[in-house]
Every structure is written in C-alpha cells, then in structure tokens.
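Hi,

Here is the structure I promised to pass on. Have a look at it, and then read my notes below.

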Amino acid sequence: MSELDLQIPSAFDPFAEASAEDSGAGSKEYVHIRIQQRNGRKSLTTVQGLKKDFSYNKILKDLKKEFCCNGTVVQDSELGQVIQLQGDQRKNVSSFLIQAGIVKKDHIKIHGF
C-alpha cells in the first residue's frame with residue numbers, strides 16, 4: 001500500500017513564477033508602459049506602476065505639454081491610478097521618466113507590438 005503515497009504531479013501554472021515575483025517584499029517595482037489599439041490607426045498609451053508619492057496630475061500635465069497630446073488619469077480598482085495618453089508615446093514616456101529622475105531605466109517595462 002505504500003504505492004498510494006506517491007506524489008501526483010499537479011498542473012503546471014505558467015504564471016506562478018510571475019505572480020511570486022510581484023508579491024515578494026524585495027521584488028522590483030516596475031513601471032509598465034503599454035499600448036492599446038483603439039479603432040483604425042488610433043491608439044492609447046497607458047502608464048501604470050508609478051509610486052503613489054508622485055503627483056499623477058503634474059506628471060500628466062508635463063507629458064501632455066511635452067508630447068503635444070491629450071491624456072487623463074484613470075482610477076482602476078486593481079491597478080490604482082493609471083495615466084492614459086493619446087497615440088503611441090511609449091518611447092517618449094520612457095525617456096521622459098528617466099530624464100526627470102522619476103524612474104530608473106531598469107525599472108521600466110515597455111509592452112506592445
């Protein structure tokens with residue numbers, strides 16, 4: 001009957017490692033810059049993961065002025081505050097955040113096609 005004591009392999013969870021990294025106390029806090037396709041050639045750039053110490057409205061104001069686009073700060077239940085900008089501003093936003101000293105280059109992840 002000792003054969004019944006064998007461990008049965010469980011289902012593989014491909015996201016277990018990613019969620020373990022995010023939940024750790026010493027894990028890096030990343031700023032995620034994403035692009036979402038709207039309709040046709042229109043797109044939307046989102047910035048999430050900035051520290052709560054920063055004033056999102058002041059950062060948004062500087063981003064809008066620098067890149068000549070419109071944007072808003074959206075409150076999300078899971079993600080917190082998210083900055084949304086019109087157009088594909090991924091490279092512009094990442095360089096702006098690095099030059100302003102808000103985020104280090106190692107802590108930025110750019111997503112999208």
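Helices (H or I, at least four residues) and strands (E, at least two) are DSSP runs, numbered from the N terminus. This is a predicted model, where local features need pLDDT of at least 70, side-chain atom pairs count only at pLDDT 80 or more, and totals for chains, interfaces and linings use all residues. Residues are numbered from 1 along each chain as its sequence is written, and side-chain values use heavy atoms, with hydrogens and water left out.

Five strands form an open sheet in the order 3-4-2-1-5, and the pairing is mixed. Strand 3 (71-76) and strand 5 (108-110) are the edges, each pairing on one side only.

Strand 3 runs antiparallel to strand 4 (residues 80-86), joined over six bridges. In that pair, G71 sits opposite L85 of strand 4. Helix 2 (residues 56-67) lies across both strand 3 and strand 4, at about 10° to strand 4 (axes are lines fitted to C-alpha atoms, for helices over the stretch in contact, and angles run from 0 to 180 degrees between N-to-C directions; contact means heavy atoms within 4.5 Å). Helix 3 (residues 90-99) packs on the sheet too, touching strand 1 (31-37), strand 2 (43-48), strand 4 and strand 5.

Finally, L50: leaving aside neighbours within four places in sequence, its contacts are V31, Y56, I59, I83, L97, I102 and V103.

Cheers

Key. Two strands pair if DSSP finds at least two bridges between them.
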